[in-house]
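Please look through the sequence and the structure below before reading on. The paragraphs after it go from the division of the chain to its ligands and then to some single residues.

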Amino acid sequence: MYEKIAPPETGSKITFKNGEPIVPDNPIIPFIRGDGTGIDLWPASQKVFDAAVKEAYGGKRQINWFKVYAGDEACEKYGTYQYLPQDTLDAIKEYGIAIKGPLTTPIGGGIRSLNVALRQIFDLYSCVRPCKYYAGTPSPHKTPEKLDVIIYRENTEDIYLGIEWRQGSEIGDKLIKLLNTELIPATPEHGKKQIPLDSGIGIKPISKTGSQRLVRRAMKNALRLPKNKQQVTLVHKGNIMKYTEGAFRDWGYELVTTEFRGECVTERESWILSNKERNPDISLEENARQIDPGYDALTEEKKAQICQEVEDVLNSIWQTHGNGQWKNLVMVNDRIADSIFQQIQTRPDEYSILATMNLNGDYLSDAAAAIVGGLGMGPGANIGDQCAIFEATHGTAPKHAGLDRVNPGSVILSGVMMLEFMGWQEAADLIKKGLGEAISNREVTYDLARLMEPPVEPPLKCSEFAEAIIKYFN
Ligand SMILES: NC(=O)C1=CN([C@@H]2O[C@H](COP(=O)(O)OP(=O)(O)OC[C@H]3O[C@@H](n4cnc5c(N)ncnc54)[C@H](OP(=O)(O)O)[C@@H]3O)[C@@H](O)[C@H]2O)C=CC1
Ligand SMILES: O=C(O)CCC(=O)C(=O)O
Ligand SMILES: [Mg+2]
């Protein structure tokens, strides 16, 4: 039972079966208001959710909100340092789907991220962040409408596991000495490398299980998209971090070519198949030369490997994927992380789902949100097999807190994702319509107002923007 909170007196629980939610008509949904601008964002967003559900279902369906506490608000209610009370964890576990405002994380020392903690505690391994353009939204880019991507960010491991040691700490120093004197010298490929003795140390674990379950979710989403968007790009820095980020790429390809063999083609396979389609008599070696531009300069051993790859692909999938059949399947490719940051700007329409690890996904989701109007338009969801927590991409934006100023679009669109996840599409569609029309009628908050031509003066307040969205439901 709960110590300091009580669930609403009416309402039922959402449960999960095979990773999918089973949603009653009157679900109880816990919410965390959030720190900083959460104080402005949550009431505005809740008003929109309730109005949309009422308008869509005329009272037949209703969300019963359950206020739970985290961050500063939790410390006020539960006592000093009680940032994430057991009550909150119990409520989210019991009711399955929750939505939250942003929570503060201090830089350097202090508590570790509550946002990350929630994702790890509930094993919400896929962070899903769509970046889609709403007509009329001002953008620093000339053609923001061309960007329509969904970032699938692995959400539980990588450096976010938080295993690190401060410079000068006893265990940190011990670890550096062990690495310098034993582990690095015992690994010939590391040569004479040494870690500077005055370093802080962090560990970056990337597991096969964590990588593959994320890519599996990304693939399932790709299969639900229209044919022209059925693509998954594995984003990694595998040229530098071979056994973590490079392994993520390899495990991703391994997963798709085993579990989804009939439903996908990799980019490299598509080159091999199309070479043979253009020239049915092409030799293995010529095919290999065409897929690897540097082929002639390679060692004999490497050349043989590529010829073998060509042969294996033709033997295994020519019948099922050849003669253009692959063009109807999900295309899986990979891009190096630094390159994808420029690609989403220079060739935005060539990408659809970007599947990547935790840190890359964190950076990439802010960058992609900027193209479609900024962080005020960046929604997100943290999804596991038994639970889901919806939250915006941005943080607490402390300098704007309490001013009724920031754009609630990000939290509202996170709620749209929640409604879609629940199968309440009619309510989600109403909100998207209202938001789109408010923006195209230049009824916007400061962030969009200042970018519009001519600038909108005065901009709407956070609460007024919510009202404008509701006004445009009909
Ligand atoms: N999931 C979470 O809860 C997250 C929490 N955080 C935490 O939030 C805190 C603050 O982080 P910070 O680096 O300032 O990043 P924030 O994302 O909070 O804010 C950075 C800037 O983004 C713009 N912005 C953010 N939200 C909105 C909005 N709703 N509407 C319009 N513009 C918005 C503002 O830009 P401008 O002022 O130029 O208009 C703001 O100053 C940190 O403690 C951080 O750890 C960070 C990310 C996610
Ligand atoms: O938890 C935090 O403070 C930051 C998290 C973050 O930036 C994100 O999830 O995008
Ligand atoms: Mg972030």
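The C-alpha centres of domain 2 and domain 3 are 35 Å apart. These belong to a division of the chain into domain 1 (1-136 + 375-474), domain 2 (140-153 + 206-371) and domain 3 (164-202). Such bounds come from an automatic or database domain assignment.

This is a predicted model, in which local features need pLDDT of at least 70 and side-chain atom pairs count only at pLDDT 80 or more, while totals for chains, interfaces and linings use all residues. Residues are numbered from 1 along each chain as its sequence is written, chains are lettered from A and ligands numbered from 1 in the order in which they are written, and side-chain values use heavy atoms, with hydrogens and water left out.

A UniProt record, an unreviewed entry, places the annotation "domain: Isopropylmalate dehydrogenase-like" on residues 28-469. UniProt positions are given in the numbering used here, feature names are shortened, and annotations may be inferred rather than shown by experiment. Over residues 28-469 the chain is 45% helix and 13% strand. Helices (H or I, at least four residues) and strands (E, at least two) are DSSP runs, numbered from the N terminus. The end C-alpha atoms of residues 28-469 are 24 Å apart.

Now to the ligands. Which residues come nearest to ligand 1? Of the 24 residues around ligand 1, these are G395, A397, K399, H400 and Y446. A residue counts as near a molecule or strand if one of its heavy atoms lies within 4 Å of it. By class, the shell around ligand 1 has seven nonpolar, 11 polar and six charged residues. Here Ala, Val, Leu, Ile, Met, Phe, Trp, Tyr, Cys and Pro count as nonpolar, Asp, Glu, Lys and Arg as charged, and the others, Gly among them, as polar.

An oxygen atom of ligand 1 is 2.7 Å from a polar backbone atom of A397. A nitrogen atom of ligand 1 lies 3.2 Å from an N or O atom in the side chain of H394, and a nitrogen atom of ligand 1 is 2.9 Å from a backbone N or O atom of N407. Taken alone, ligand 1 exposes 880 Å², and the protein buries 71% of that. Accessible areas come from the Shrake-Rupley method with a 1.4 Å probe; for residues, only the protein chains shown count as cover. The elements that give two or more residues to the shell around ligand 1 are α4 (114-121) and α15 (446-449).

A397 also has a backbone feature of its own. Most residues other than glycine have a negative phi, and most peptide bonds are trans. A397 is not a glycine, yet its phi is positive, at about 35 degrees. A397 lies in the loop between β15 (388-390) and α13 (409-422). Because its relative accessible area is 29%, A397 is partly exposed; buried means under 20%, exposed over 50%, and partly exposed in between (1.4 Å probe, protein chains only).

An oxygen atom of ligand 2 lies 2.5 Å from a polar side-chain atom of S113. A polar side-chain atom of R153 is 3.1 Å from an oxygen atom of ligand 2, and an N or O atom in the side chain of D362 is 2.9 Å from an oxygen atom of ligand 2. On its own, ligand 2 has 290 Å² of accessible area, and the protein covers 75% of it.

N228 is in the loop between α6 (208-224) and β10 (231-236), and at 69% relative accessibility it counts as exposed. The C-alpha atoms of N228 and L329 are 9.8 Å apart, although 101 residues separate the two along the chain.

Finally, the loop between α15 and α16 (462-471) holds P454. The peptide bond joining E453 and P454 is cis, with omega about -10 degrees. P458 lies in the loop between α15 and α16, and the bond from E457 to P458 is cis, with omega near -5 degrees.

Definitions and conventions:
A polar contact is a pair of N or O atoms within 3.5 Å; within protein, one must be able to donate a hydrogen and the other to accept it, and residues adjacent in sequence count only if both atoms are side-chain atoms.
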